[in-house]
Amino acid sequence: MHQNIGFQLARVPRLWRAIIDRRLAPEGLTQTRWVTLYHLWRLGDDQPQCDLARAIGVEAPSLVRTLDQLAEQGLIERRPCDQDRRTKRIVLTEAATPLLERIDAVVSQARKEMLAGLSEADVDQLGELLSRIEANGLAIQSREEA
């Protein structure tokens, strides 16, 4: 059983995102776009581009194309940072609000369905266990990079 945990940990997020992707496809959103918008919304407006990339788990240059597309759609704006002119801050536009509300509704419904049959205590315990696994992984990564 323990041998399958790594595969399960990889499969579940892919499955979760695939369900959300399918439900958001009619909105014309790719996974990259909805994930970017959703993270920016959850993190709070006016995020440095590099912080947004880190939160999403991509390299900053990889995020540039997606941000270009979202800016072309009028969903975000890039603004210069007062402290560092090389840094761009990302801001959601008012036009993004209805789309974000739709994304949030789809994500919330998918979460409800994916967690069906689990009690609140189960979900809390799962979160704690995943946090410990993540901390262990980060510790290993830190040791191996040093």
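**Pockets and surface of a predicted model**

Reader: Which helix gives the most to the lining of the second largest pocket?
Author: This is a predicted model, in which local features need pLDDT of at least 70, side-chain atom pairs count only at pLDDT 80 or more, and totals for chains, interfaces and linings use all residues. Residues are numbered from 1 along each chain as its sequence is written, and side-chain values use heavy atoms, with hydrogens and water left out. Helices (H or I, at least four residues) and strands (E, at least two) are DSSP runs, numbered from the N terminus. With 4 residues, the element that gives the most to this lining is helix 2.

Reader: Thanks! Which residues line the second largest pocket?
Author: A pocket is an open set of points on a 1 Å grid over the protein atoms alone, where a 1.4 Å probe fits, with protein on both sides within 12 Å along at least five of seven lines; lining residues have an atom within 4 Å of a point. This pocket has a volume of about 160 Å³, the space filled by probe spheres set on points joined across faces, edges and corners. Its lining is made of Gln31, Thr32, Val35, Thr36, Ile56, Val58, Ser62, Leu63 and Thr66.

Reader: How many charged residues does the lining of the second largest pocket have?
Author: Ala, Val, Leu, Ile, Met, Phe, Trp, Tyr, Cys and Pro count as nonpolar, Asp, Glu, Lys and Arg as charged, and the others, Gly among them, as polar. The lining has 4 nonpolar and 5 polar residues, and the number of charged ones is none.

Reader: And the largest pocket: which residues are the closest to its centre?
Author: The largest pocket has a volume of about 1,400 Å³. Of its 29 lining residues, the closest to the centre are Leu9, Val12, Pro13, Trp16 and Leu130.

Reader: Which helix supplies the largest share of the lining of the largest pocket?
Author: Two or more residues come from each of helix 1 (5-24), helix 2 (31-43), helix 3 (49-56), helix 5 (96-114) and helix 6 (120-145). The lining divides into 20 nonpolar, 5 polar and 4 charged residues. The largest share, 8 residues, comes from helix 1.

Reader: Why does Ile5 count as partly exposed?
Author: Ile5 sits in helix 1. Buried means under 20% relative accessible area, exposed over 50%, and partly exposed in between (1.4 Å probe, protein chains only). Ile5 is partly exposed because its relative accessible area is 34%.

Reader: How far apart in space are Cys50 and Leu118, C-alpha to C-alpha?
Author: Cys50 belongs to helix 3 and is partly exposed, with a relative accessible area of 36%. In sequence, Cys50 and Leu118 are 68 residues apart, and their C-alpha distance is 36 Å.

Reader: What is the distance in space between Asp68 and Arg78, C-alpha to C-alpha?
Author: Asp68 lies in helix 4 and is partly exposed, at a relative accessible area of 32%. Asp68 and Arg78 are 10 residues apart in sequence, and between their C-alpha atoms the distance is 9.3 Å.

Reader: Finally, which pattern does the protein chain follow along the sequence?
Author: The protein chain has 6 helices and 3 strands. Its C-alpha atoms fill a box of roughly 50 × 45 × 25 Å along the principal axes, and buried residues make up 26% of its 146 residues. Read along the sequence, the pattern is α-α-β-α-α-β-β-α-α.
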